[in-house]
Structures are given as structure tokens and as C-alpha cells.
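Look at the sequence and the model below.

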Amino acid sequence: MTSIDKYLVQALDNYPYNLEDALTSLEYALSYNENNSQALCLYGRFLAEQFKQYEEAKSYFQKAIQNDLHAVDVYPYYIDALLKNEDFKEATQLIAFALTVKGIDKFEIRFREVLLHEMQSDYKKALQLAKQLPLYSYDVEHKTIMEEMLERIKNKRSILSEAKKTKK
């Protein structure tokens, strides 16, 4: 195990429970290799999830992917940052590309595609895509996530439908 691996493992182990130690280890890892995709991804996550600095986080995710297009762990977090920053066009493009990357967890990407449409209030499309999620799931734990997502989207669609009826 190289020094960067040691510090990267420490950073991953500490994140998000011990942020100070995670950040210290991450800075050491990046000092050994400023182009390490995993370290850049974790730094991007840190910025997006802890400080809500989505624009700066995006630059770290972009650099991680530029260094390794097959860094499959980067894509879900990058898409999350785009969604939270309401960069829907960019998220749509990244989702389309991510689905072509060999080894990507298609459930994770398709899940975020549903979120994209839900966040854009396109509940019909979101519901249609959510119903297709079981095709990409190979994990029992996904069942609850899918059921909750379907229920949430149906509720939103119902609320929207009721609001339209009330206006008439």
C-alpha cells in the first residue's frame, strides 16, 4: 500500500463522521497525487455535502473524471451536486454519459435520473422511470428506496392534480 492509499483509506474511513481527520488525511493524499480521482471525488463531496459549495465541488468532480473517465464512484456524487445546484441540463448530459461507462452502477444513475425529473416537477416522466428501476436493481435494500420514491412521486402528482382542480 502506497502512502496515498494509506491517507485515502483514512480519509474515506473518517468521512463524514470525523471531518477534521478526514480532511487532514485527504489533504495528505492530494499532496502525494493531486490528480487522484478518488481523492478529488471525496474533496468534491466534502465541499458539496458539508459546505454546499456546489460550483467549487463541480470543479473537483470534473477534474476527477478528466483524470479517469472510468472512475465509476465519481458519477453519482457529481450528479447529486448538479441536482442540488439545479444544473438540470448539465445533470441530464452527465446521466446520459454515465450510463455508457462500463462498470457503472446503473441503478444509482437511473435513480438520480428519476430525481432529476422529480425536481423539475415532471412527475409523469419521474413515475415512468421509477417504475423501471427494478430492472437495474440487484440489491434487496433497493426495494424500500424504490417503494418510498414511487409513493412520494405519486403523492406529489396527486397534490398537483388537486391544485389544478381547485383553480378551475
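Read from the N terminus, the elements of the protein chain follow the order α-α-α-α-α-α-α-α-α. That gives nine helices and zero strands, where helices (H or I, at least four residues) and strands (E, at least two) are DSSP runs numbered from the N terminus. The model is predicted: local features need pLDDT of at least 70, side-chain atom pairs count only at pLDDT 80 or more, and totals for chains, interfaces and linings use all residues. Residues are numbered from 1 along each chain as its sequence is written, and side-chain values use heavy atoms, with hydrogens and water left out. Along the principal axes, the C-alpha atoms of the chain fill a box of roughly 65 × 30 × 30 Å.

Start with α3 and helix α4 (residues 54–67), which pack at an angle of about 165° with their axes 8 Å apart. Axes here are lines fitted to C-alpha atoms, for helices over the stretch in contact, and angles run from 0 to 180 degrees between N-to-C directions. The two helices α3 and α4 are therefore roughly antiparallel to each other, a label for angles over 145 degrees. In contact (heavy atoms within 4.5 Å), α3 supplies residues including Leu-40, Tyr-43 and Leu-47, and α4 supplies residues including Tyr-60, Phe-61 and Ala-64. The residues of this contact divide into ten nonpolar, three polar and three charged. Nonpolar covers Ala, Val, Leu, Ile, Met, Phe, Trp, Tyr, Cys and Pro; charged covers Asp, Glu, Lys and Arg; the others, Gly among them, are polar.

The second pair is α5 (residues 74–84) and α6 (residues 88–98), whose axes come within 8 Å and cross at roughly 165°. Helices α5 and α6 are therefore also roughly antiparallel to each other. Their contact involves Tyr-75, Tyr-78, Ile-79, Leu-82 and Leu-83 of α5, and residues of α6 including Phe-88, Glu-90 and Leu-94.

Where is the largest pocket lined? Its lining includes Leu-12, Ser-37, Cys-41, Arg-45, Asp-73 and Tyr-77. A pocket is an open set of points on a 1 Å grid over the protein atoms alone, where a 1.4 Å probe fits, with protein on both sides within 12 Å along at least five of seven lines; lining residues have an atom within 4 Å of a point. Helix α3 (37–51) and α5 each give two or more residues to the lining, and α3 gives the most, with five.

Note on methods
Parallel < 35°, antiparallel > 145°, perpendicular 65-115°, else oblique.
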